[in-house]
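Hi everyone, thanks for coming. I'd like to walk you through a structure that may be new to you, so please take a look at it with me.

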Amino acid sequence: MQKLIIEGGRRLKGELALQGSKNSSLPILAASLLCMDECVIRNCPELTDVYAAARILNCVGCRCTFSDNTAVIDPRTVSGTVIPGNLMREMRSSIIFMGAMLGRTGECTVSVPGGCELGPRPIDMHLAAMRKMGVDITETGGSIVCRSRGGRAKGAKLSLAFPSVGATENIILCAVTAEGETVVNNAAREPEICDLCGFLRACGADISGDGESRIAIKGKEKLCGCEYSVMPDRIAGATYLCMTAAAGGEMILSRACTAEMEPFLSALEQTGCSIFTSGDRIYLRSGSRLRAVRDRIRTMPHPGFPTDAQAVLMAALATADGTSVFEENIFDCRYRHTEALIKMGADIQVLGKVAIVRGVPRLHGAPAEATDLRGGAAMICAALAAEGTSEISRISHIDRGYEKIEEAVTALGGRISRV
Ligand code: EPU
């Protein structure tokens, strides 16, 4: 089992080009199943979750190769419709293959997906939407067997109880080749949904309204292949900015999606960091000590503050001057990183969905176990700010979402090694 060893207490300084987005790449890889020709997907981060998606593509008969952050997928040879439980359990996004397989073959057998343990993560909205689109679904012995009546899903008017990112993606994937029009009300508005729609439009899909709450999709008989470049990863961007804010110093984040990062940047700016954006570059300089954020940091669906950036901002605010208050509104159990931060000397009190962070003058290095992807990233932020050495284990969680994290931290002047 590998570990990350971090020597903290050093100011950071450097420039970093942002990786491609994990949460865009995964649905886009699934979407390639719907095409009748080869797809070339550039700026695809090389991550364990992305490799898990490639294994699913291989398993249903697609050829999928990676080199230099480019995935080449040949979906012409799709033959299978069953995604085995071991592949489904590798990550949450495996469920996205349900909509894509239904769109391609009219049937699939999947099971409950894995992914970070952030509290219960049901798929009821996904299943209810597919059923409304004319898909018969039977759940037996852990398998979810889906079959479109008449071999092709039907367009439907859908209204989500909550703007779920995954359910919105699954509906879009099923609807782009369904018969007739699908309308999704209260759809998720995350930038990664727009990126998925951008890819599908490049393949010939007819989609409008993505980025807004009402998305309309007119089903097409066939989609072609295309070349597409995945958007930058706004959460990895937030993480590297939080590392520099926490440790102190200055950095330039290039190839960033500055507009999509605005909800995060406006919260980070309240800590007293100087932040300038120009084109696809973000410049950050942090003073000697951060200020606590006065307004409660409430995680909300986009364009609210992203839940995926909650843990890393909390790590930065652990040593701020004053008290910051977080409210986690998306997942029931997304404060598991707090235990490690407390071990490093942070003063954090969790009361249900609220976490009260009273800034301490300094943290100290400690051994810590990554609890989940973003929680593990938060531990790296805290370790970089802390005096002394930290050893972070269970880093397979971190490798699911951050490409070559030790190279990125080293580019910023941090001392980190993998053992
Ligand atoms: N939910 C339901 N029923 C459903 C679907 C969702 O109750 O059928 C609930 C969930 O339990 C959760 C809330 O709705 O409480 C939001 O879930 P959502 O479906 O929006 O999240 P997701 O699709 O499972 C994606 C990202 C997450 C990110 C969330 C919210 C991917 C692969 N994952 O998850 O990313 O936190 O949206 O923005 O896109 C991460 O990258 O670390 C990560 C966890």
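How many disulfides does the structure hold? The structure holds 0 of them, where a disulfide is a pair of cysteine sulfur atoms within 2.5 Å. Before I go on, a word on the source: this is a predicted model, in which local features need pLDDT of at least 70, side-chain atom pairs count only at pLDDT 80 or more, and totals for chains, interfaces and linings use all residues. Residues are numbered from 1 along each chain as its sequence is written, and side-chain values use heavy atoms, with hydrogens and water left out.

Cys62 is in no disulfide, and the nearest cysteine sulfur, that of Cys64, sits 7.8 Å away. Cys62 has a relative accessible area of 3%, so it is buried; buried means under 20% relative accessible area, exposed means over 50%, and partly exposed is in between, using a 1.4 Å probe and protein chains only. Cys273 is in no disulfide either: its nearest cysteine sulfur belongs to Cys242, 8.5 Å away. Cys273 is buried too, at 4%.

Cys273 leads us to Leu290, one of whose contacts it is. Leu290 sits in the loop between strand 16 (281-286) and strand 17 (297-298); helices (H or I, at least four residues) and strands (E, at least two) are DSSP runs, numbered from the N terminus. Is Leu290 buried or exposed? With 6% relative accessibility, it counts as buried. Not counting residues up to four places away in sequence, Leu290 touches Ala245, Thr271, Cys273, Ala316, Ala320 and Asp321, and contact here means heavy atoms within 4.5 Å. Leu290 and Ala245 are 45 residues apart in sequence, yet their C-alpha atoms are 7.4 Å apart.

Now to the nonpolar cores. A nonpolar core is a set of buried Ala, Val, Leu, Ile, Met, Phe, Trp, Tyr and Cys residues joined through side-chain atoms within 4.5 Å. Which of the 77 residues in the largest nonpolar core touch the most other members? They are Tyr240, Leu241, Phe264, Ile380 and Ile392. A second, separate core has 74 residues, including Ala71 and Cys146. Ile398 lies in helix 13 (residues 396-399) and is buried, with a relative accessible area of 0%. Among the residues that Ile398 touches, again leaving out those up to four places away, are Leu373, Gly376 and Ile405.

Next, the ligand. There are 23 residues around it, and Asp124, Ser164, Asp308, Ile330 and Arg374 come nearest; near means that one of a residue's heavy atoms lies within 4 Å. A ligand oxygen is 2.6 Å from an N or O atom in the side chain of Ser164. Ligand oxygen is also found 2.8 Å from a polar backbone atom of Gly166. Taken alone, the ligand exposes 830 Å², and the protein buries 89% of that; these areas come from the Shrake-Rupley method with a 1.4 Å probe, and for residues only the protein chains shown count as cover.

Helix 6 (residues 165-175) is mostly covered, with 10 of its 11 residues buried. Gly166 is one of those buried residues, and so is Cys174.

Technical notes:
A polar contact is a pair of N or O atoms within 3.5 Å; within protein, one must be able to donate a hydrogen and the other to accept it, and residues adjacent in sequence count only if both atoms are side-chain atoms.
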